Each structure stands twice: as C-alpha cells, then as structure tokens.
Amino acid sequence: MTETTTNYELVIRPKYGFLDLNWKELVEYRELLFFLALREIKIKYKQTIMGASWAVLQPLFSMIVFTLIFGGLAQMPSEGIPYPLFSYSGLILWTYFSTSLSASSLSLVGSGGLLSKVYIPRIFIPTAPVLASLVDYVIATSIIALMMLYYQIVPNSKIILLPFIVLITILLSSGMGYWLSSICIKYRDVKFILSFFIQMLLFLSPVIYPVDVVGEKFQWLLYLNPMTGLINAHRACLLGHVPVDFVGLAISTVLTIIIFVSGILYLKRTEKYFADLI
C-alpha cells in the first residue's frame with residue numbers, strides 16, 4: 001500500500017511490487033515496530049512475580065523433565081555429550097520458536113482495536129512478538145553458558161554461525177506467523193489447533209533425540225520439518241561436538257525462505273478484510 005500525505009489527509013493506494021510490500025513505508029514506520037515489540041515484552045511479564053526469570057525457568061524445567069524421562073529412564077543417546085546439555089541446547093531454540101510462533105499467530109486477532117482504528121503496516125503486528133521473544137532467547141542462553149562451564153566444554157569457531165541460525169529461525173517464526181495469524185482472523189479454530197500443532201512439532205524435531213535415532217530410510221521425513229536442520233546446527237555450533245550438518249541447514253534455509261515469502265504474500269492478499277472480520 002502506498003501512502004501520499006498532505007497536511008490534511010492520508011490517501012491509501014494499492015501498491016504492486018516485490019513481495020507486494022511498500023519498503024519505503026516499512027522503513028518510515030520502523031520505530032513503530034520497535035515500540036510494538038517493546039509493548040509485547042511489557043505485556044508478557046506484567047503482573048508476574050518471577051518476571052523475566054520465566055525465560056530461563058521454562059526451558060530449564062523442560063530440560064529436567066526430559067533428562068529424567070528420556071535421558072534416565074529411556075537411555076536416549078545424546079551424541080556423546082551429557083544429556084542435560086544435549087536437550088537444553090535444543091530446547092532454547094525450540095522454546096524461542098514455539099513461543100514466538102504462538103504469540104505471532106494470535107497477534108492479529110488480539111489487536112482488533114489497533115486494526116480497526118488506525119493504519120499501520122499490518123505485517124508489523126505478527127512480526128513484533130517474534131522480535132520480542134528474542135529477549136527470552138538471549139536470557140536463556142546464559143544458562144547453557146554455565147552448563148558448558150560445568151561440563152568443561154569450550155565453544156569453537158563454529159559458534160560464528162549462531163547469528164545466522166537465529167536469523168533463519170526468526171524468518172521461519174515470522175513466515176509461519178504471517179500464515180497462521182491471517183488464517184486465524186477468518187477461522188478462529190486456529191487458536192484451538194495451535195497448541196496441539198506446536199506440541200506435535202516438538203516431537204517431530206530433534207530436541208530430545210538425535211536424528212540418528214530414526215533409521216536412515218526415514219530421516220528425510222524429519223528434514224521436511226525446517227526446525228530439524230536448525231536445531232542440529234544450533235547444537236553443533238554451541239557445543240562443537242559434531243560437525244555442522246550444512247546439508248540439513250541448507251534444506252531448512254530453503255524451506256524457511258519459501259514459508260516466509262509465501263506468508264508475506266498471503267498476509268498482503270488477505271489484509272483487506274482484516275478490519276471487517278475482526
């Protein structure tokens with residue numbers, strides 16, 4: 001959408017171009033995206049006793065449960081590293097993905113007043129929760145630093161790939177968020193299916209088990225899930241215990257770009273009836 005402003009009026013016209021986005025407008029409104037993300041952080045921890053500590057406690061408790069059940073009782077292999085470290089290194093990226101996807105998918109429905117009363121680039125609304133959740137990810141990584149110190153594991157040069165992996169995860173969460181938030185406007189069933197979908201995706205991602213557990217014949221099915229390559233690469237970059245699976249990372253990157261671009265196109269195509277359906 002293109003805006004032509006005068007001193008007295010704002011005229012909104014449709015715009016057609018690369019990804020159907022008005023890039024100039026997005027740059028002009030960039031501060032608004034920052035404040036929307038800041039608002040998400042404030043709302044998330046408002047009236048909580050533990051505050052930002054939940055960013056650590058959530059994956060930490062999950063790691064303890066997984067260690068007792070899968071590492072202790074089930075004797076799940078962990079690529080030669082202690083199971084708590086194995087599971088937590090996957091959990092922090094998974095927790096970032098799942099929390100940002102959940103918040104992003106419900107963001108448009110929860111912003112009815114904003115959508116119907118003022119004009120802002122609609123794409124900012126599902127993007128803001130994804131960026132806000134990055135704070136939790138950064139806080140949660142402090143625990144793995146302590147765990148690596150305890151287990152005497154020193155990161156190597158592979159860790160320079162970590163920002164790229166986090167960036168791809170941001171694009172994946174955003175792209176899926178664009179799809180699901182747009183669909184949720186029309187079909188509210190999404191909010192009921194979402195938790196089941198995320199839970200199912202957890203067990204289809206190598207968070208609690210290595211990919212090798214699955215037979216070679218069926219491993220390609222796991223790689224259809226973009227989080228498989230990302231979690232594997234994330235773990236390898238942090239701990240340096242195995243080589244980075246660049247083939248798996250490349251598959252995840254291509255799938256993520258497809259989801260991200262198609263998500264933008266779908267959101268732009270459907271945004272015209274958001275205010276009517278909200």
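**Notebook: cores, pocket and cavity**

L202 is buried, as I read from its relative accessible area of 13%. The residue sits in helix α8. I note that the model is a predicted one.

**Entry 1. L202 and its surroundings**

I listed the contacts of L202, setting aside neighbours within four places in sequence, and found F66, W94 and V207.

**Entry 2. The nonpolar cores**

I next looked up the largest nonpolar core, which has 55 residues. Which residues have the most contacts inside this core? They are Y88, W94, F97, M227 and L230. The elements that give two or more residues to this core are α3 (54–73), α4 (83–105), α6, α7, α8 (189–203) and α10 (226–239). I recorded α4 as the source of the largest share, 11 residues. For context, nonpolar side chains tend to be buried together in soluble globular proteins.

I examined F97 in more detail. Not counting residues up to four places away in sequence, F97 touches T169, L172, S173, M176, L201 and M227. M227 is also listed among the residues with the most contacts inside the largest core.

I also found a second, separate core of 19 residues. Its members include L36, L108, I125 and L267.

**Entry 3. A132 in α6**

I turned to A132, which is found in helix α6. Is this residue buried or exposed? A132 is buried, because its relative accessible area is 8% and the limit for buried is under 20%. Apart from neighbours within four places in sequence, A132 is in contact with A37, E40 and I41. I also took the separation of the C-alpha atoms of A132 and L108, which is 16 Å for two residues 24 residues apart along the chain.

**Entry 4. The second largest pocket**

I looked up the second largest pocket and noted about 260 Å³ of space in it. Its lining consists of 16 residues. Those that lie nearest its centre are L33, I123, T127, Y178 and F260.

Which helix gives the most to this lining? It is α7, with 5 residues. At least two residues each come from α1 (23–28), α6 (124–150), α7 (162–186) and α11. I sorted the lining by class and recorded 14 nonpolar, 2 polar and no charged residues.

**Entry 5. The largest cavity**

I then searched for cavities and counted 1 of 30 Å³ or more. The largest cavity has a volume of about 50 Å³. Its lining is made up of L21, N22, E25, L26, Y119, P121, R122, I123, K268 and E271. By class I recorded 5 nonpolar, 1 polar and 4 charged residues in this lining. I123 lines the cavity, and I123 is also one of the residues nearest the centre of the second largest pocket.

**Entry 6. K268 and E271**

I followed up two charged residues from the cavity lining, K268 and E271. K268 lies in helix α11, whereas E271 lies in the loop between α11 (246–270) and α12 (274–277). K268 counts as buried because its relative accessibility is 15%, where the limit is under 20%. E271 counts as buried too, at 13% relative accessibility.

With what does the side chain of E271 make a polar contact? The partner is the side chain of K268, at 3.1 Å.

**Entry 7. Two positive phi angles**

Finally, I checked backbone angles at two residues. E79 has a positive phi of about 55° although it is not a glycine. Its place is in the loop between α3 and α4. I noted E79 as partly exposed, at 28% relative accessibility.

Q152 likewise has a positive phi of about 55° and is not a glycine. This residue is found in the loop between α6 and α7. Is Q152 buried or exposed? Q152 is exposed, because its relative accessible area of 71% lies over the 50% limit.

Key: Residues numbered from 1 in each chain as written. Predicted model: local features only at pLDDT ≥ 70, side-chain atom pairs only at ≥ 80, totals over all residues. Heavy atoms only, no water. Helix = DSSP H or I, 4+ residues; strand = E, 2+ residues; numbered from the N terminus. Buried < 20%, exposed > 50% of the residue type's maximum accessible area, 1.4 Å probe, protein only. Polar contact = N/O pair within 3.5 Å; in protein donor to acceptor, adjacent residues only side chain to side chain. 1 Å grid on protein atoms, 1.4 Å probe; cavity = no way out; pocket = protein on both sides within 12 Å on 5 of 7 lines; lining within 4 Å. Points joined across faces, edges and corners; volume = space filled by probe spheres on them. Core = buried A, V, L, I, M, F, W, Y, C linked by side-chain atoms within 4.5 Å. Contact = heavy atoms within 4.5 Å.
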